[in-house]
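Work through the exercises below with the model open beside you. Try each task before reading its solution.

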Amino acid sequence: IVLIVHEEDEIQKFLDKRNLKIFEDYEKGDAVSISQTRLVNVVPEREGIDGKKFIELASEKGAATGGIRQALYDRAHADEIPKEEWGLVRVYTQTVLRHRGSGNLCVLVLYRRAGEWDLGFYWLDGDFVSSDRAVGRCE
């Protein structure tokens, strides 16, 4: 496994730009290469669940490893994401963020829009659907 270290100031700069702060961080260790990650389907087809339930189910399915460090690594190396995963949203459940203004909680997501990869966030009180996949490490 290749471990990738992200400088804390890079993480802080990312958070400050979006008016976010870390609320809970359960990510263990540093990021690994995209080839060492797997996407886990958490939501049944044609259903939606809230973010807290998504995190709980991801943990039950062994996909509770991806957090902010993995999200930043994946964004920087998005060209390595397999084409068959381009229509899916990569959800990083192990770092929960709080918006400094509203106080709402969210998790980071990486998705493809208009041919480009975008790192954004989903509010935990919103609906997560079957194309949202929890990022875990290969076993």
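**Exercise 1. Which residues does I49 touch, not counting residues up to four places away in sequence?**

Solution. 
- Step 1: Apply the contact criterion, heavy atoms within 4.5 Å. I49 then touches V42, V43, F54, L57, G126, D127 and F128.
- Step 2: I49 sits in strand β5. Strands here are DSSP runs of E, at least two residues long, and helices are runs of H or I of at least four, all numbered from the N terminus.
- Step 3: Check burial. Buried means under 20% relative accessible area, exposed over 50%, and partly exposed in between, with a 1.4 Å probe and protein chains only. I49 has a relative accessible area of 13%, so it is buried.
- Step 4: I49 and R98 are 49 residues apart along the chain, and their C-alpha atoms are separated by 20 Å.

Before going on, note the ground rules. The model is predicted: local features need pLDDT of at least 70, side-chain atom pairs count only at pLDDT 80 or more, and totals for chains, interfaces and linings use all residues. Residues are numbered from 1 along each chain as its sequence is written, and side-chain values use heavy atoms, with hydrogens and water left out.

**Exercise 2. Describe the overall fold: how many helices and strands does the protein chain have?**

Solution. 
- Step 1: Count the elements. The protein chain has three helices and 10 strands.
- Step 2: Read their order. Along the sequence the pattern is β-α-β-β-β-β-α-α-β-β-β-β-β.
- Step 3: Along the principal axes, the C-alpha atoms fill roughly 40 × 35 × 30 Å.
- Step 4: Look at burial and contacts. Buried residues make up 45% of the 139 residues. Among contacts between residues at least 6 apart in sequence, 72% join residues at least 24 apart.

**Exercise 3. Which residues of helix α1 are buried, and which are exposed?**

Solution. 
- Step 1: Find the buried residues. In α1 (residues 8-17) they are I11, F14 and L15.
- Step 2: View down the axis. The buried residues of α1 fall within an arc of 95 degrees, so they line one face of the helix. The arc is that of the directions from the helix axis to the C-beta atoms.
- Step 3: Turn to the face away from the buried side. There the exposed residues D9, K13 and K17 are carried.
- Step 4: Name the cover. Over the buried residues of α1 lie elements including β2 (20-25), α3 (68-76), β6 (89-99), β7 (105-113) and β8 (116-123).
- Step 5: Leave the helix. N19 follows α1, and its phi is positive, near 60 degrees. N19 lies in the loop between α1 and β2. At 31% relative accessibility, N19 counts as partly exposed.

**Exercise 4. Which residues touch the most other members of the largest nonpolar core?**

Solution. 
- Step 1: A nonpolar core is a set of buried Ala, Val, Leu, Ile, Met, Phe, Trp, Tyr and Cys residues joined through side-chain atoms within 4.5 Å.
- Step 2: The largest core has 22 residues, and F14, L15, I68, L108 and L119 touch the most other members.
- Step 3: List the contributors. α1, α3, β6, β7 and β8 give two or more residues to this core. α3 gives the most, with four residues.
- Step 4: Leaving aside neighbours within four places in sequence, L119 contacts F14, R18, A71, L72, R75, L108, V109 and L110.
- Step 5: Look for another core. A second, separate core of 19 residues includes V40, V43, A63 and V91.

**Exercise 5. Is E27 buried or exposed?**

Solution. 
- Step 1: Locate it. E27 is in the loop between β2 and β3 (31-32).
- Step 2: Classify it. At 9% relative accessibility, E27 counts as buried.
- Step 3: Inspect the side chain. The E27 side chain reaches the backbone nitrogen of I68 at 3.3 Å.
- Step 4: List the surroundings. Not counting residues up to four places away in sequence, E27 touches T65, G66, G67, I68, R69, Q70, Q94 and T95.

Key
A polar contact is a pair of N or O atoms within 3.5 Å; within protein, one must be able to donate a hydrogen and the other to accept it, and residues adjacent in sequence count only if both atoms are side-chain atoms.
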